[in-house]
Amino acid sequence: MERMYDNDEIFFGSKGTAVPSRKTFLGSLSAGLVPVTLWLHESVGDNHIGRDEVKSILSSNSQVFDSPKPTTLIGSILQIATDKDSIILDSFAGSGTTAHAVLKQNAEDGGNRKFILVEMEPHIARDITAERVRRVAGGYTNAKGEQVEGLGGGFQYCRLSKEPLFDATGAVREDVTFAQLSEFVWFAETGTGFTGKAKSPLLGVHEGVAVYLLYNGILKDRTVDGGNVLTAPVLALLPPHAGPKVIYAAANRLGAPRLQRERIVFKQTPYALDC
Ligand SMILES: C[S@@+](CC[C@H](N)C(=O)[O-])C[C@H]1O[C@@H](n2cnc3c(N)ncnc32)[C@H](O)[C@@H]1O
C-alpha cells in the first residue's frame, strides 16, 4: 500500500477526499484497454443472439437450451482473460458456446488457444456440444441453406468410464475388461480415440507403430500369468507387424537384444499407464 502510494498508484479523487481507488496505467496493460465493468447487450450480445447462433448451426436440436450465451460474450471474456496459447476449461459445456468462441478468437487473432469442455448428458455431449464444434470448425450449411466457412481447429471426443480403471494403489481394477483397458492404452499411446474392436492383442497401428496390449487372457490363457507376460512363445502368437511395436504387458521375459531386434518397446502395466 505504501509502495503504491509512493508510486502515485492510488487516486483520492480530484479533491483528495474520495474513497481511494487504484490507478491503472495504459502502459502496464498488455491488451491496451481497461475493461469496462458494464457489458451492454449492444456490445456483447444477449441470450436471443445466443439462441439464434445455436439454431442457425444445429436447427433441429436448437430448442434444448433456453439461454445459451452468445459467442460475443464469451469472446469478450477471452480477450480480457486469455493469451493466444491459453487453455480454456468449461465444465458445463451445454451448447458448446465456449469452444465456438475459442475457435472464433483463434481465427481472428491467429491464436492457438485450446479448450476442454465437459458435458455430463451423453446425448447433449454427442449431438449438440460436439456437433456444434465440429460444424463451426469444419464448415457447415446453416438453417437458411447458406454455406458457412469453417473456423479451423478440431477436438478429440473422449468418454469417461463409469468406474475408475485403477484402484487406490494404482493397480488395474479386477473387473476392468480388455475392451476398457484397450481404450485407455490406445489413448495414452496415440492421443486419439480408440475405434478398434478390442478383439485382438493388436489394438491398431498409429503412424507406423503397432500398439499391442496383453491383458485379461486375450491370448486364451496359454502362457505365464494368463498370457499377460511378454515371452518368446507369446510374441510368436501376436499378429505380426513389420515396423516398430509398443507392447503393453504385465511383465517382460525377452532380453534387450531381442527387443531391439524385433523393434519392440515394452511398457509395463499398470505403471506405464500413469497418465
Ligand atoms: C446451462 S448449460 C450451459 C450452457 C452453455 N454455457 C452455453 O452457453 O451454451 C449447462 C450444461 O451443463 C451440464 N451439466 C450440469 N452439471 C454438470 C456436471 N456436473 N458436469 C458436467 N456437465 C454438467 C448440463 O447438462 C447442461 O448441458
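Quick housekeeping. This is a predicted model, where local features need pLDDT of at least 70 and side-chain atom pairs count only at pLDDT 80 or more, while totals for chains, interfaces and linings use all residues. Residues are numbered from 1 along each chain as its sequence is written, and side-chain values use heavy atoms, with hydrogens and water left out.

Back to the ligand. Ser 95 puts a polar side-chain atom 2.4 Å from a ligand oxygen, and for Thr 97 a side-chain N or O atom is 2.9 Å from an oxygen of the ligand.

Next up, helix H3. Helices here are DSSP runs of H or I with at least four residues, strands are runs of E with at least two, and both are numbered from the N terminus. H3 covers residues 47–58. After the helix comes Ser 59, with a positive phi near 35 degrees.

Which residues of H3 are buried? They're Gly 50, Glu 53, Val 54, Ile 57 and Leu 58, buried being under 20% relative accessible area, exposed over 50%, and partly exposed in between, using a 1.4 Å probe and protein chains only. They sit on the same side of H3, because they cover an arc of only 100 degrees around the axis, taken from the directions from the axis to the C-beta atoms. They pack against helices H4, H5 and H6 and strand S5, contact being heavy atoms within 4.5 Å.

Most residues other than glycine have a negative phi, and most peptide bonds are trans. Ala 198, in the loop between H7 and S7, has a positive phi near 55 degrees, and Ala 198 is buried at 17%. Arg 263, between H10 and S12, has a positive phi of about 60 degrees and is partly exposed at 47%. And a cis peptide bond joins Thr 269 and Pro 270.

Technical notes:
The expected span of a helix is 1.5 Å times one less than its number of residues. A polar contact is a pair of N or O atoms within 3.5 Å; within protein, one must be able to donate a hydrogen and the other to accept it, and residues adjacent in sequence count only if both atoms are side-chain atoms.
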